[in-house]
Amino acid sequence: MGAWDLLLIGLVMLFGLCGVLLPGVPGSWLVWAAVSWWALKDPQAVSWWVLVGTTVVLFLSQVVRWRLPPRRLRASGATPRMAVYAGTGALLGFFLLPVLGAIPGFVGGVYLHERLRLGRHREAVASVRRAMRAGGTSVLVELFTCLLIMGAWLGAVLWG
């Protein structure tokens, strides 16, 4: 597979990651579609195993998300800027503390936004709790799943 194909697949995955944070964009399905496109264009054992693994991970995350309360982020005061802070924190956390760092990075991004907006620690913590209960956990599960899928793809591309 050529470098341009891999770049295009990576861009579709990045668009899917952004789509997790935007309402109405099927972010996790775009990331999965990019992996399936890669597996079909580059039929090797590694690519098929990555596709199978990402399918299982995506299915499990959907089951977990259905068990969580519905998203009501707007009611909790969540803004698009908060989503940017949370997404950036999750992405940085994912690479600074490999894989598991996405979770504290996400929550830390929400906290940083609220601390800058409200100015006090107690009010920021209360706002983070309210946002996570109102659907932030669902967004975190979907974003973490997409980061896992993207990491598996990147590892497979770099490995073989």
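Tutor: Let's start with helix α2 (residues 27-41) and helix α3 (residues 45-67), which pack at an angle of about 165° with their axes 9 Å apart. Helices here are DSSP runs (H or I, at least four residues), numbered from the N terminus. Axes are lines fitted to C-alpha atoms over the stretch in contact, and angles run from 0 to 180 degrees between N-to-C directions.

Student: OK, so is α2 roughly parallel or antiparallel to α3?

Tutor: That angle makes α2 roughly antiparallel to α3. The cut-offs are under 35 degrees for roughly parallel, over 145 for roughly antiparallel, 65 to 115 for roughly perpendicular, and oblique for the rest.

Student: Which residues of α2 make the contact?

Tutor: Among them are Trp29, Trp32 and Trp38 of α2, with Trp48, Leu51 and Leu58 including those on the α3 side. Contact means heavy atoms within 4.5 Å. The contact residues divide into ten nonpolar, six polar and no charged. Ala, Val, Leu, Ile, Met, Phe, Trp, Tyr, Cys and Pro count as nonpolar, Asp, Glu, Lys and Arg as charged, and the others, Gly among them, as polar.

Student: Before we go on, what kind of model is this?

Tutor: This is a predicted model, where local features need pLDDT of at least 70, side-chain atom pairs count only at pLDDT 80 or more, and totals for chains, interfaces and linings use all residues. Residues are numbered from 1 along each chain as its sequence is written, and side-chain values use heavy atoms, with hydrogens and water left out.

Student: What about Ser61, buried or exposed?

Tutor: Ser61 is buried, with a relative accessible area of 6%. Buried means under 20%, exposed over 50%, and partly exposed in between (1.4 Å probe, protein chains only). Ser61 is found in α3, and leaving aside neighbours within four places in sequence, Ser61 is in contact with Val141 and Thr145.

Note on methods: Helices (H or I, at least four residues) and strands (E, at least two) are DSSP runs, numbered from the N terminus.
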